[in-house]
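Take a walk through this model, from one residue out to the whole chain.

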Amino acid sequence: MILSTRRRWSLLTVVSAGLLLITLDNSILYAALPTLVEDLGASSSEGLWIINAYPVVMAGLLLGSGTLGDRVGHRRMFLIGLVVFGTASLAAAFSSSPEALIAARAFLAVGAAAMMPATLALIRVTFDDERERNIAIAVWGSLALVGSALGPIVSGILLNSFWWGSVFLINVPVVIVTIIATFALAPANDADASKRWDLLSSLLALVALVGLVIAIKETAKTGPAPLVVAAALLAAAVGGWAFTVRQRRLPHPLLDFAIFRNPAFLAGVLAAGLSMFAIAGIQLATTQRFQLVEGFTPLRAGLLVAAIALGALPTAMVGGAILHRVGLLPIVAGGLALAAAGTAVVLAGFDTSTGLLVTGLLITGAGLGAAMAVASSAIMGNVPARRAGMASSIEEVSYEFGSLIAVALLGSLLTAVYSATVELPAGVPDSARDSLDAALALGKDYPSLVTAASNAFDNAYFVVTVVVAAVTAVGAIATALLLRRHGPGSALTAAAHTTNAPAHH
């Protein structure tokens with residue numbers, strides 16, 4: 001079905017609204033977390049699970065949801081995802097306990113996982129003209145960055161006037177409008193009952209991811225439980241092994257591990273995952289530090305970390321435009337190297353100069369924007385056409401996995417370093433060692449505790465930022481080695497591959 005030009009671009013707006021909701025909810029709680037934790041009485045571990053339940057479940061389900069969309073139709077999957085997302089947003093907004101909010105966030109991820117592959121698939125089947133399709137996919141790709149940047153800002157604006165549940169409630173009117181617009185604008189449903197869908201593979205991937213995250217969080221706690229760590233690692237290992245064995249036996253696997261043998265494809269996956277790792281890690285740590293230590297409002301903290309997106313958007317556009325001339329290596333590896341340098345500037349300025357800190361965030365964003373801009377070309381352009389749908393799912397999983405590991409690892413590291421380095425004044429209850437929030441709650445009775453706790457949290461922020469700088473630097477070296485034989489001509493081939501690949505998803 002060929003749609004009119006106006007209808008095509010209107011549909012792009014609709015699916016973009018859906019994608020923006022998905023990416024926004026990845027970061028919208030970073031600035032809201034201190035308020036939310038205080039109001040619900042959540043522990044530091046529960047606070048991290050409130051954030052992480054969303055990317056964990058989504059990453060586990062994404063590989064299979066694209067295939068399910070092929071079977072039941074992408075329009076139908078998009079609509080189902082919207083309904084689930086809206087319902088889960090209502091449940092999250094009115095949660096009365098940390099456990100209820102964690103469950104609602106997991107349910108929210110089910111809707112997001114149903115929607116996300118469908119957004120790209122609807123663009124592919126709607127835009128027949130190659131040039132138009134390139135522009136539409138570029139708009140689609142940039143929204144991951146925009147959504148991540150807007151999350152802390154939107155939550156900051158809402159928390160200035162409303163309770164923390166408003167960060168979820170705002171999704172509902174957008175969902176309603178998007179559902180109506182989808183019925184009016186989307187092409188006919190393209191179901192194909194001959195396509196196979198393997199629920200067990202998705203569940204095995206989910207078991208492996210949840211086990212890994214639990215192991216990371218428990219290890220980082222003060223006095224971790226060895227049995228919990230062992231059980232979580234066992235679940236992760238068994239789930240991962242069973243998933244791998246099953247994929248090798250299936251005639252149509254969710255994941256064909258052979259495609260990772262292509263060095264350019266692997267470099268693209270690394271660039272996507274590491275870019276989101278850096279963005280999520282810096283946003284989480286910076287919004288927490290400047291609210292709890294410096295007394296910033298959620299909005300002011302959100303605007304501060306928006307400097308990353310401000311730096312990233314220009315280089316993202318330029319990176320895509322010059323790819324065919326310079327090739328993947330300088331943009332991907334150079335972008336990650338620039339991000340590592342920017343993070344070093346953040347280290348120099350976070351406790352001395354806000355101007356220097358913002359400069360570091362801008363530089364970091366510029367590097368990550370360049371790397372993210374061409375990660376899609378590296379991934380989609382280096383697989384056979386018959387693997388295009390699988391490659392799309394892997395691209396989406398790499399973004400979610402980067403955010404997931406950042407929150408699980410760096411969020412736990414923040415708490416661990418704080419607990420290990422805080423020097424409690426005499427007479428202060430040992431509970432002040434659990435988190436900075438706990439220490440600040442006791443600060444009225446023990447004024448000297450606030451300074452000691454703030455200094456310890458600065459130590460934690462420093463360590464987390466060093467880890468981000470080191471990871472991006474190692475990523476720059478690794479991608480440079482992978483792309484050393486991938487020159488400008490190869491990059492041009494990759495771009496052509498991307499646009500000509502059929503809309504399998």
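Ser 89 is found in helix H3; helices here are DSSP runs of H or I, at least four residues, numbered from the N terminus. This is a predicted model, in which local features need pLDDT of at least 70, side-chain atom pairs count only at pLDDT 80 or more, and totals for chains, interfaces and linings use all residues. Residues are numbered from 1 along each chain as its sequence is written, and side-chain values use heavy atoms, with hydrogens and water left out.

Is Ser 89 buried or exposed? Ser 89 is buried, with a relative accessible area of 0% (buried means under 20%, exposed over 50%, with a 1.4 Å probe and protein chains only). Beyond its neighbours within four places in sequence, Ser 89 is in contact with Leu 108, Phe 168, Asn 171 and Val 172 (contact means heavy atoms within 4.5 Å). The side chains of Ser 89 and Asn 171 are also joined by a polar contact of 3.1 Å.

Asn 171 leads on to helix H7, residues 171–185. The buried residues in H7 include Asn 171, Val 172, Val 175 and Thr 178. The buried residues of H7 pack against helices H1 (5–40), H3 (74–93) and H6 (166–169).

Now the whole chain. It has 18 helices and zero strands. Of its 505 residues, 57% count as buried. Among contacts between residues at least 6 apart in sequence, 82% join residues at least 24 apart. Tyr 418 is one of the residues with the most contacts inside the largest nonpolar core, which has 147 residues.

Note on methods:
Helices (H or I, at least four residues) and strands (E, at least two) are DSSP runs, numbered from the N terminus. The expected span of a helix is 1.5 Å times one less than its number of residues. A nonpolar core is a set of buried Ala, Val, Leu, Ile, Met, Phe, Trp, Tyr and Cys residues joined through side-chain atoms within 4.5 Å. A polar contact is a pair of N or O atoms within 3.5 Å; within protein, one must be able to donate a hydrogen and the other to accept it, and residues adjacent in sequence count only if both atoms are side-chain atoms.
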